[in-house]
Amino acid sequence: MQRVGVFVCWCGSNIAGTVDVAAVAEALKNEPGVVFSTDYQYMCSQAGQDIIKNAIAEHNLTGIVVCSCSPRMHEATFRKTAAAAGLNPYMVEIANIREQCSWVHKDMLTGTEKAIILGKAAVAKVNLNTPLTPGESPVTKRALVIGGGIAGIQTALDIADAGFPVDIVEKQPTIGGKMAQLDKTFPTLDCAACILTPKMVDVAQNEKIRIFSYSEVEEVGGFVGNFDVKIKKKARFVKEDICTGCGACVEKCPMKKNPNEFNLGMDNRPAIYIPFAQAVPKVATIDPNACNMLKNGKCGLCARICAAGAIDYTQKDEIIEEKYGAIVVATGFNPISMEKFDEFAYNQSKDVITSLEFERLTNAAGPSAGKLIRPSDGKHPHTIVFVQCVGSRCDACAEKGKEYCSKICCMYTAKHAMLTRDKYPDTEVYVFYIDVRTPGKNFDEFYRRAVEEFGVKYIKGMVGKVTPEGDKLKVQASDLLSNKQLHIDADLVVLAAAIEPDKSARPLATMLTASMDTNDFFTEAHPKLRPVESPTAGVFLSGACQGPKDIPETVSQAGAAASKVIGLLAKDKLTGNPCIASSNELMCNGCSSCERVCPYGAITYVDKEFRMPDRTTKIRRVASVNPAVCQGCGACTVACPSGAMDLKGFANSQIIAEVDAICK
Amino acid sequence: MQVKEYKPLIVAFCCNWCSYAGADLAGNNRLSYPADVKIIRVPCSCRVNPMFILRAFQRGADGVIICGCHPGDCHYTSGNYYTRRRMAALFSMLDFLGIEKERTRVEWVSAAEGAKFAATMNEFAETVASLGENKRLEDLRCKR
């Protein structure tokens, strides 16, 4: 028989406000095995933990139940407390009487009643707990960063700085991501390329970092410390190690009319291309859908021109298999498609553009060499209308937009408006907004400068319709503050499109078994206390894949993710989860049902010798669980027809005891 | 005749990674649902043995709900698919035995869906309450 101690936490008034904690402690005193029961304001505090430690020593407790907040919050804390007092940490059970009781029920009587039942269930379970010892597994001291934008770059640099090898997988031919496409950055107006490209060069020159550009993650197996990853290196038809990036092939390629992705299709690039001058790796890539040689077997000009002999039309996709200890997701964001926003005439007029397209138009390396022009006729626009929240903060239009605030649009629109007025003082600039949100260091000052110093006209209200008429764009809008309808003849309309997670994030989350929210942003292990870790051990989050964020925030999160990775890789061994399946060999009949459902292939069969009652021996085939591979899902326990397979920590008997305690 | 107020007893099995966290989020956001719902934490929805459900009904539960990660999002890659198939078979057999289909349910609730968790529990508790007490499978020998 166990000697159980029950500790009921008040959590200040969080629990005690709706649950009579003293009554709970009193009621649980009479449960089987309970020899000690008490309540205290904050069980997780040092004083609270001391109460537990003292009680374990004083009453020789063999198991404890803490009635407190969610086990997802403080199970680890109380396990440590138990271990410090010499009790096996897995002899601790938590009754969740905060998140699942006091916070959701308003009435003291019902709250107390339910808390007592939850406590009884935990006591019933702990009575059947057995001490467990976690196994150990080695750590592969190499990290994988998925995504080569500023988030991935910063994470990789920080991890490499601590001396661990890092691989970056980037699906584009070059690293750099969205930041490489930007012109200036708010609120300091640094040139984006000037602060990003040195970092890209650092990555290229760092001995610890390998870049797999034009590559995608194909398959992820294994677990924290020991991930097995397959990376598909797409054929770029250019030998990466030989190409010098001279650009001769790009100049001579006859297939010149292909939309240039880097400039968002606003100009053309040849079939063989280098995305931009500072690309890393600076290696040409052949677009197989555009190249005449690859499509029809005619041409071959680039191969003849290439002095280094780097062109290889026979190159095939290559699969690289590598082991990693930790994986960082840095897949970033994309502006949403404007296809569904007919009211802004994005599809009808070339002069309605998105903010990212505006960014390319004002960039010296962009399609217009930095000259602000109308894409339709190349003339200078005299009246520019910026529309904010296009697809952000949409309630009614959730079909085409997003419910959340995209966070960065207010600031980049202020930047665009300010820079336009600075460079072309003859331009009239209007910004239509719902709210201007500028909570960041020096952000509000920046926005106010746009209004006060640069004379940008901010109008509270949404644009209802944009109609192309002649070479003008008729903008109909409402001014909410003066309650007037406005008609503006604009030359250029710039839409601050909402941002969404990159499309590659969803399949990646499935591969990593990392969870996502309803908008396909990765969820963090705890929104406040573990913001850069995914709930899946060994998977970390960096940048906008976790939620909209600007560059300073992305860089700080990237550093935080790197420090978590370093903390993991610095360990030689990881303690595993001891709550894994085990088979009772005497009951197992070797039917293979469990093996078939195991998602990890953790179950194998061994021939074992059994002594029979008549003293003969018999060899039988029985299941055997590999403790290093089993993750403890329990699928096998249900598949087992003889009941031989059970899960430690969540045993059949334990769960049935809980059911019994709940159902009276 | 005095009629005792009927309160249904609902056992909810929640997977540790999605639905249990969803229930925690419902708590964090103070989204209330009936106290008749009692949650049991399991590592994965596929850990729920049909025996547990039978046991709950024998012991007088009026409804059983199993919550797991959305299809494709299982922490253990495929556990919830097993749940879906096993429970489809079990629930139709229970229906045959006289435990109405409305008393049993499998629902996908992610860690981000606190509101969905509370709404599901409210709706399920109401449905079960409208069916009344479960007498069909109750084992009187189990009555304390």
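View 1. The model is predicted, with local features needing pLDDT of at least 70 and side-chain atom pairs pLDDT 80 or more, whereas totals for chains, interfaces and linings use all residues. Residues are numbered from 1 along each chain as its sequence is written, and chains are lettered from A in the order in which they are written. The axes of helix 2 (residues 21-28) and helix 6 of chain A come within 9 Å and cross at roughly 40°. Helices are DSSP runs (H or I, at least four residues), numbered from the N terminus; axes are lines fitted to C-alpha atoms over the stretch in contact, with angles from 0 to 180 degrees between N-to-C directions.

**View 2. Helix 7 and helix 8 of chain A meet in a left-handed crossing.** The axes of helix 7 (residues 150-161) and helix 8 (residues 192-205) of chain A come within 10 Å and cross at roughly 50°. The contact includes A:Ile153 and A:Leu157 of helix 7 and A:Leu196 and A:Met200 of helix 8 of chain A.

**View 3. Chain A and chain B are in contact through 42 residues of chain A and 44 residues of chain B.** On the side of chain A that touches chain B, helix 19 of chain A gives the largest share, seven residues. Helix 5 (98-102), helix 6 (108-126) and helix 18 (635-639) of chain A are among the other elements that give two or more residues to this side.

Technical notes
A crossing is left-handed if the near helix is turned anticlockwise from the far one by less than a right angle, and right-handed if clockwise. Two residues are in contact if their C-beta atoms, placed from the backbone, lie within 7 Å.
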